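Here is a report for a reader who has the sequence and the 3D structure at hand.

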Protein chains: 2
Amino acid sequence: MSPRSSDVVARRTRDAIVEQALLVASVDGFDGLTIGGLAGDLGLSKAGVVGPFGSKQELQLAAFKRGIEQFVELVWEPVATLPAGLPRLKGICEQWIRYHERRTLPGGCLVTTASVEFDARDGALRDAVASAQGRWLTTLAADAEVAVRAGELPADTDPRELALLINGLAMSLNQSLLLFDDVDAPDRARRAVARILG
Amino acid sequence: MSPRSSDVVARRTRDAIVEQALLVASVDGFDGLTIGGLAGDLGLSKAGVVGPFGSKQELQLAAFKRGIEQFVELVWEPVATLPAGLPRLKGICEQWIRYHERRTLPGGCLVTTASVEFDARDGALRDAVASAQGRWLTTLAADAEVAVRAGELPADTDPRELALLINGLAMSLNQSLLLFDDVDAPDRARRAVARILG
């Protein structure tokens with residue numbers, strides 16, 4: 001095997017480990033990830049699982065980052081080229097609802113999972129969660145601010161208040177789907193978006 | 001020691017274990033509870049920790065139920081005697097915001113924590129979380145429905161949509177406090193409540 005094709009194999013193995021870690025973390029949490037469990041799932045040795053990352057924490061971080069990439073691909077990218085302001089904000093909300101409706105991850109929203117696990121503890125995972133969630137709230141608030149300036153939302157609208165509310169609606173929807181399997185919740189969330197954004 | 005006073009001691013020991021388990025679960029999750037950890041925290045033997053409950057799962061359930069009791073005491077009881085409908089719904093929102101603002105539990109909302117841990121898994125904990133959260137959403141929707149019938153909210157308001165939105169706002173507030181230590185978030189949540197409920 002040439003060095004080049006072995007690089008391809010190594011990359012594919014790493015990707016497979018990250019994808020499986022993402023699925024497991026979604027259900028059992030990042031603390032629920034075990035090297036032995038992943039090795040069993042993937043038919044690899046424990047050394048083969050941890051090797052590409054160097055440590056369990058780096059593997060946890062890689063899985064979290066993959067989950068964020070997937071979220072950006074599914075929620076942000078389809079609407080990224082819409083006009084900034086209310087059109088894009090509505091587009092984000094619809095994509096976000098679909099992300100949950102189609103049960104993208106078996107354990108639901110990864111940021112909520114990681115946030116609950118790490119928000120009261122220090123460390124690299126907490127920093128990664130805070131950074132990703134902070135960027136997302138800023139993205140929501142930025143489009144809300146454009147919408148207010150353009151007169152698409154009432155002039156007294158606080159963009160960060162709106163970001164808090166929309167973020168919460170997604171969290172609540174995620175909970176209703178996972179805890180109650182409430183198939184009416186996505187349409188209820190759509191009506192709530194229409195109530196908030198007009 | 002008479003049997004009676006030994007009962008009092010047993011009850012107090014049990015209560016102390018439950019309170020400590022609640023604090024630990026709030027930060028580390030219910031899966032993060034260990035009998036050895038609690039024994040060390042409380043200066044008890046492992047048998048002394050698990051004895052009053054019979055199993056770790058029963059101890060986890062007792063801690064969860066204590067957290068729910070505390071939530072009901074702090075959020076529901078102060079407003080329980082307000083008129084049903086919009087006055088009580090607004091009262092619930094304010095008490096709920098205060099519950100988070102004063103950081104009642106070090107790891108924040110227990111239902112969110114337990115929900116994230118157990119929503120994708122079967123078992124007694126999941127059932128307890130779904131039951132408690134289901135009752136709470138029903139309570140919110142019931143006051144919303146009274147408010148709609150009384151003309152306190154627009155006639156086309158869906159009570160369960162409002163419950164989804166208010167529940168999400170509390171989850172988002174909890175996240176902003178824990179993840180970003182955002183001390184402006186409670187007032188932002190108050191303004192969002194005013195936006196939603198008028």
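## A helix and what follows

Helices (H or I, at least four residues) and strands (E, at least two) are DSSP runs, numbered from the N terminus. Just after α7(A), A:Gly151 takes a positive phi of about 75 degrees.

## Model and confidence

This is a predicted model, in which local features need pLDDT of at least 70 and side-chain atom pairs count only at pLDDT 80 or more, while totals for chains, interfaces and linings use all residues. Residues are numbered from 1 along each chain as its sequence is written, chains are lettered from A and ligands numbered from 1 in the order in which they are written, and side-chain values use heavy atoms, with hydrogens and water left out.

Chain A averages a pLDDT (the predictor's confidence in each residue, from 0 to 100) of 94, and 98% of the residues score at least 70. For the complex, the predictor gives an ipTM of 0.93 and a pTM of 0.94.

## The contact between the chains

Chain A and chain B each give 45 residues to the contact, where contact means heavy atoms within 4.5 Å. The elements that give two or more residues to the side of chain A that touches chain B are α1 (3-28), α6, α7, α8 (159-180) and α9 (185-197) of chain A, and the largest share of that side, 16 residues, comes from α8(A).

Between chain A and chain B the count is eight salt bridges, each a side-chain nitrogen of Lys or Arg within 4 Å of a carboxyl oxygen of Asp or Glu. The side chains of A:Glu161 and B:Arg191 meet in a salt bridge (3.7 Å, N to O).
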